[in-house]
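Here's a quick briefing to read with the model open beside you.

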Amino acid sequence: MSKTAESVWANCLDIIKDIVEWQHFKTWFEPIVPLQLKDNVLLIQVPSNFFYEYLEEHYVSLLAKTLKRQLGRDARLEYRIMIDSGNTTDKGYMKVPSGEEKTHANTLVLPMKINDTNGLNPFIVPGIKRMQIDPQLNSEDTFEKFVEGDCNRVARRAGKTVAEKPGNNSFNPLFIYGGSGLGKTHLLHAIGNEVKKLHPNKVVLYVSSEKFINQFQHHSRNNQINDFINFYQLIDVLLIDDVQFFNRAEKSQDAFFAIFNHLQQSGKQLVLTSDKAPKDLDGLQERLLSRFRWGLSADVQVPDYETRIEIFEQKMREEGLEMPKEVVKYVAYNLTSNVRELRGALISLLAQSSLNKRDIDIDLAKKVLRNIIKTNNKEVTIDAIQKMVCEYFDVPYNRLLEKTRKREVVQARQITMYLSKTFTKNSLKTIGEHFGGRDHTTVIHSCQTVKDLMDTDSVFKENVMELTQKVQLASM
């Protein structure tokens, strides 16, 4: 059966959808239309120049590798881009780079493909005069693009210290842990990129634990374990991502233990990431866990509201995009799980704005994010307002209910009553009952006090306005 553009593209999509996140797949790959297949060149149509540029920047390697699996090594890709008039025009011949590692005369780019079956050790080849190791770093992930907040300050600053003085600091190893999508991998790449900038002669390598395990297993089958270990012992700064996956590879742990010891004793730098702190990791050898605790363990947490705003605005600057402040606040307030979620929201907004040829506003944001945000159009409650104010002023909830004259507690309680009266349909009596059974006259007095202080105290007014915005966002 002869291949057609439609069948080849359908097969490519079957592979791609298992690799990229579902929301990104729907946004960037479903709108593509296969047009023609001729001489191993697949012509696809994309909705806009923005789509073309985004695909080339973020998915060119994935597209190239997937297409080569369908059409062979000579596969190529061309784009046809929709323009505003509704007609189509060729973008011109666009050859997608293969993304494969290449070996040149007297230069070896590492790490090579782990499934190389030419019988040679892919790390040490006789006759090579000079060894060049590809650090496997994403050049876009830098410290400048990593937004610092209370959630990650220790990890970021320790990473900066490590990058400035690799191997010559108290953080060896630097062990960074936290949930998915909070920036651990970005921080690893930032450390690597900073080392390459400040110490260009240092040999830096980023590798995921899964890739390390696969490489080890390949060399084990070929009786080349010593060569494998020797290669990794050449690294000056070794960055290992997701070390929790070593729990399913006992022999790989033995190899990593030997590598770790050699690098640490030689004054080389190790930086590791995991989804859990060393003390909470299961299935890893105790001798490894004890070494993980030798240096500094720094966690990254879910960013707070203000940090999420900064992160979202940073992502906007990277894309050269501006949007109304109310949209930024709406997204940052409602997407609370991780940084990756914020980037996904921005991508969806960009795509829908481009496809529908309309500016990004709060209505478009609500429409685009309705499948991501679970609490749209939810009536705000007194309990919810109490929680917001307590978090904002760092006042324990039970203090709001106590009979205390401490200024910070009294003002927090007064503001909570004021916001409850403004944003809920509850009676003054009901509001008072939520504060330890106080009567309606206390609520009236508190609301008037808040209004008076807002007229005379600029700092107090700013606090109330920020909390007002939070409540408004929660009720959208």
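In which helix is the place of Gln411? That would be helix H17, residues 407-423; helices (H or I, at least four residues) and strands (E, at least two) are DSSP runs, numbered from the N terminus. Bear in mind that this is a predicted model, where local features need pLDDT of at least 70, side-chain atom pairs count only at pLDDT 80 or more, and totals for chains, interfaces and linings use all residues. Residues are numbered from 1 along each chain as its sequence is written, and side-chain values use heavy atoms, with hydrogens and water left out.

**Gln411**
- Gln411 counts as buried because its relative accessibility is 17%; buried means under 20% relative accessible area, exposed over 50%, and partly exposed in between (1.4 Å probe, protein chains only).
- Leaving aside neighbours within four places in sequence, Gln411 is in contact with Leu453 and Phe460, where contact means heavy atoms within 4.5 Å.

**The whole chain**
- There are 20 helices and eleven strands in the chain.
- Of the 476 residues in the chain, 48% are buried.
- Looking at contacts with a separation of 6 or more, 71% come from residues 24 or more positions apart.
- The chain's accessible surface is about 24000 Å², and carbon and sulfur atoms hold 46% of that; the areas come from the Shrake-Rupley method with a 1.4 Å probe, and for residues only the protein chains shown count as cover.

**Cavities**
- The structure holds two cavities of 30 Å³ or more; a cavity is a set of points, on a 1 Å grid over the protein atoms alone, where a 1.4 Å probe fits but cannot get out, and lining residues have an atom within 4 Å of a point.
- The second largest cavity has a volume of about 30 Å³, volume being the space filled by probe spheres set on the points, with grid points joined across faces, edges and corners.
- Trp9, Cys12, Leu42, Leu63, Leu67 and Leu77 line the second largest cavity.
- Helix H1 (5-16) and helix H4 (60-71) are the elements that give two or more residues to that lining.

**Helix H12**
- Eight of the ten residues in helix H12 (residues 325-334) are buried.
- Among them are Lys329, Tyr330 and Asn334.

**Gly183**
- Gly183 is in the loop between strand E7 (174-177) and helix H6 (184-198).
- With a relative accessible area of 18%, Gly183 is buried.
- Gly183 and Val339 are 156 residues apart along the chain, yet their C-alpha atoms are separated by 7.0 Å.

Terms used: On a 1 Å grid over the protein atoms alone, a cavity is a set of points where a 1.4 Å probe fits but cannot get out, and a pocket is an open set with protein on both sides within 12 Å along at least five of seven lines; lining residues have an atom within 4 Å of a point.
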